[in-house]
Amino acid sequence: GATGGAAGEHPGRPGVRVLEGGEKVPCGRVTVVTPTTDRRQDFHEQLFAVFDAQDWGDKELVVVETHRSRPSPFFSGKVKHDARIVFHSMEIGQEDEDLSIGIKRNMGTHLSSGDWIASFDDDDLYAPSYLSTMLDAMVSQDAAAITLGSWYIFEERSGMFGYVDCRSPDGSGLDTHGRVRPSDRDGWLYGFGFSYVFSQDAASDYPFPDKNMGEDYDFFIRLKTRFQTALLFDDFGLCVHTLHTRSTSSVQASQEVPREEVWDLDVAQLGSLLQRYMERFPRRGSSLNIGCERRRAERPLTVHLLPFGLDVPISRRVRFTVGEARAALARAAGGLEAGALALHSAPPPSPGGGDVSGGGPGLPDGQRLGVRVQELWAVHRPAAAAVAAGGAWAAGGVGVRVLSAGYDSGNHAEFHVGGERLPYRTSRGLNVVVLDPATWRTSFQAYDLYAAADESDRLAADLGSLGAGQVVLVALKDSGLERLGRDAVRALRAMGSTLSAEASAGPRGVAGLFREGYALVGRKGGTAVAESQGKSALAVGVLWQGGSEEQAPAPAEGEVAVECADAATPEVSVQVRVAAHTRFLELREALLQQHCQAAPPERLRGVRLVERTGGDMLVGVDPNASLGSARAFLVVGLADALGSVRR
């Protein structure tokens, strides 16, 4: 975050403060350096506005200008009233050669007073969080310099926005087979100086070369030979790099970014500045630098749910956090609690190529997901821990996926259980699979509500004959909901369906559902695990063997639910129900009684509660102290005790 307060130092490295526990954070002053000329004076007010909007507290702006007629009117006036500005303007003769960009950058370095230096182009847009985000990323990687490896661009001539990802660049840098030429890869990744942030010490030892083109690339490559450097791939819209007739850089993007998406990027926090920018340069047509394919402003986010083998699409917004994604996943996939899920940005490791073990605690809830993130991996921690410990499902959970599409939207019905598609031949109308939660055995019936008048009654009778706790999977194909009788609707509602016959136009049928898809994962006598309705419908959920879903009942009055996780393996966790004013000693006894009764005594003796203090140091708790308001603890030896029970 924006931590530009009092300067702190890591020994031998200015601008870094070391917190208790060893975490390093950036601090001190940041100097923004911008080389410019009198031909670019119409950008100077925008440059200052972007600088002023930065949320880093201790900052200064150094502008090095050459002019042939007059210095910048804007900065000539601004420098008199703003102590944060250093403005150095030099007159050059009409016939004299201008100073190179490299020399101007070096002059800016020598005029700066900051611990860190950030290169800004005078015509680019930088989100208020740009400096703090770049510095946090750089210091967290123990780097002396950082640059963007991907960014958004704006072309003034066409009024088009695009996205450049230097991991797979288009145009220059690709060979005839569409592969990145090794000789060009570093040029794309490190050759764009508008996003350089680096330490003052590094810049003083390795100055920019005296030239106009490629001075930034040469500078950064020299830094790489001496210091640790870092890349940040911009998924949030931290920066928009402007291309115009006076630009000194050339870059290409394969896809256009719709203007409505731009308002969801971090640069949108510039408010009226971005509004004026877009009004000044309306979209006019095609571009030589930005491809004609338009990226969708709305992109799906798919979560791969492990160890159940389910792919769950969730609705998302652009400014989406991990915690919000976790909650959305729990809503989209029935039978899950958000607290039992850990999200990962890549497939978590699976030991020995077997079932996934959980892959650690996962992404922190507060972390934002960029607009380009299209898939995540979620681990159900109790199930994954059981798989790792003994190879059995936790409480017998199995993933279920039901797909349905009406006649005009694909005309299909499918059932997937445990990652396998059931081999039933579905047909027009309602297709129903009955699943025994004790054995996972299935049976199938199809009800063509157009073929015979009594099909609705037959469906009602068959569903009515099922015992309590039986699971039904329902998928409609073609059409048929509109021909359901009231008795059939009531029978489906007994499975947890929310269908209603009260709005029907006559004695038979549910109104307004012609050729609508419908998918249900229901349980006789309970609420639906998952239900979906529309032209194309998808119901996804997790079923638990023996009719027991994972969700525990709400705590009774005076009770609290306490999360206990293994100190060495936090993905192994259980929930313990105790009285609100329980002591730690009583919490330990409740934990053993509720979850570890069958464990050998020698395993139980090693179970003790601890708390986290001072980074990763673990200390014991006072057994006679009350829990107070705490609802989560680490437990030494919990994984061993649980594992011995499951084995």
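Val-398 sits in strand E24, which covers residues 397–406; strands (E, at least two residues) and helices (H or I, at least four) are DSSP runs numbered from the N terminus. The model is predicted, so local features need pLDDT of at least 70 and side-chain atom pairs count only at pLDDT 80 or more, while totals for chains, interfaces and linings use all residues. Residues are numbered from 1 along each chain as its sequence is written, and side-chain values use heavy atoms, with hydrogens and water left out.

**Around Val-398**
- Val-398 counts as buried, at 10% relative accessibility; buried means under 20% relative accessible area, exposed over 50%, and partly exposed in between (1.4 Å probe, protein chains only).
- Leaving aside residues up to four places away in sequence, Val-398 touches Phe-308, Val-417, Gly-418, Trp-440, Gly-541, Val-542 and Leu-543, where contact means heavy atoms within 4.5 Å.
- The C-alpha atoms of Val-398 and Gly-418 are separated by 5.4 Å, and the two residues are 20 residues apart along the chain.

**Nonpolar cores**
- The largest nonpolar core has 78 residues, of which Phe-120, Tyr-130 and Phe-198 touch the most other members; such a core is a set of buried Ala, Val, Leu, Ile, Met, Phe, Trp, Tyr and Cys residues joined through side-chain atoms within 4.5 Å.
- Another core, of 24 residues, lies apart from it and includes Leu-301, Phe-308, Leu-310 and Leu-376.

**Ser-456**
- Ser-456 belongs to helix H12, residues 455–464.
- Ser-456 is buried, with a relative accessible area of 2%.
- A polar atom of the Ser-456 side chain lies 2.8 Å from the backbone nitrogen of Gly-485.

**Cysteines**
- A search of the whole structure gives 0 disulfides, a disulfide being a pair of cysteine sulfur atoms within 2.5 Å.
- Cys-27 is buried, with a relative accessible area of 0%, and Cys-239 is buried with a value of 0% as well.

**The whole chain**
- The protein chain contains 16 helices and 37 strands.
- Of its 647 residues, 51% are buried.
- Among contacts between residues at least 6 apart in sequence, 68% join residues at least 24 apart.
- The protein chain exposes about 28,100 Å², and carbon and sulfur atoms supply 49% of that area; accessible areas come from the Shrake-Rupley method with a 1.4 Å probe, and for residues only the protein chains shown count as cover.

Notes:
Polar contact = N/O pair within 3.5 Å; in protein donor to acceptor, adjacent residues only side chain to side chain.
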